[in-house]
Amino acid sequence: MRLHNPLKLSSRLLLLAACFTIAQPATRVDADSTMAHCLLSDQNPSLPVESGPCRFSQRQGNVTIMFRRRTFDFPYREAGLRYQRSNSKAGIRFDMSEGSSIEVLWR
């Protein structure tokens, strides 16, 4: 009768557990995301305001807005530098440094 070496067996189990841990994909953290209604104003006041549905996502203060095949990113660390953010009960407005603005309105 053959006896198993407990150190060999525990080493194999530890190696097997490590393989399963490495094979698992990293846990993905999704941002808070919702559909909203957006108003996009250009820096040129003679151009009409664009209006329509948009997707608003926020994670740790970083905002992404997807509106009409365009993506607007507002990193938290750039607030006050590249854009100004204004919150209200109706929604959030981002005034961008080049003069355009996008407003996200909750339904």
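**View 1. Phe 56 stands opposite Ile 65 in strand E3.** This is a predicted model, in which local features need pLDDT of at least 70 and side-chain atom pairs count only at pLDDT 80 or more, while totals for chains, interfaces and linings use all residues. Residues are numbered from 1 along each chain as its sequence is written, and side-chain values use heavy atoms, with hydrogens and water left out. Strands are DSSP runs (E, at least two residues) numbered from the N terminus, and two of them pair if DSSP finds at least two bridges between them. Strand E2 is joined to strand E3 (residues 62-67) by 5 bridges, and the two run antiparallel. In the hairpin that they form, 2 residues lie between the strands, and Gln 60 takes a positive phi near 55 degrees.

**View 2. Seven strands form an open sheet with antiparallel pairing, in the order E4-E3-E2-E1-E7-E6-E5.** The edge strands, each of which pairs on one side only, are E4 (70-74) and E5 (83-87). Neighbouring strands of this sheet are turned by 25 degrees against each other on average, direction ignored, where the axes are lines fitted to C-alpha atoms and angles run from 0 to 180 degrees between N-to-C directions. Within the sheet, strand E6 (residues 91-96) and strand E7 (residues 101-105) run antiparallel and are joined by 5 bridges, and Gly 91 has Leu 105 of E7 as its bridge partner.

**View 3. A disulfide is formed by Cys 38 and Cys 54, with their sulfur atoms 2.0 Å apart.** A disulfide is taken here as a pair of cysteine sulfur atoms within 2.5 Å, and by this rule the count comes to 1. The pair links distant parts of the chain, since Cys 38 lies in strand E1 and Cys 54 in strand E2, 16 residues apart. The link of Cys 38 and Cys 54 is right-handed, with 70 degrees about the S-S bond. Cys 38 is buried at a relative accessible area of 0%, and Cys 54 also counts as buried, at 1%; buried means under 20%, exposed over 50%, and partly exposed in between (1.4 Å probe, protein chains only). Strands E1 (residues 32-41) and E2 (residues 50-59) run antiparallel and are joined by 9 bridges, and Ser 33 has Ser 57 of E2 as its bridge partner.

**View 4. Gln 84 lies in strand E5.** Gln 84 counts as partly exposed because its relative accessibility is 45%. Leaving aside neighbours within four places in sequence, Gln 84 is in contact with Arg 93, Phe 94 and Asp 95, contact meaning heavy atoms within 4.5 Å.

Terms used:
Helices (H or I, at least four residues) and strands (E, at least two) are DSSP runs, numbered from the N terminus.
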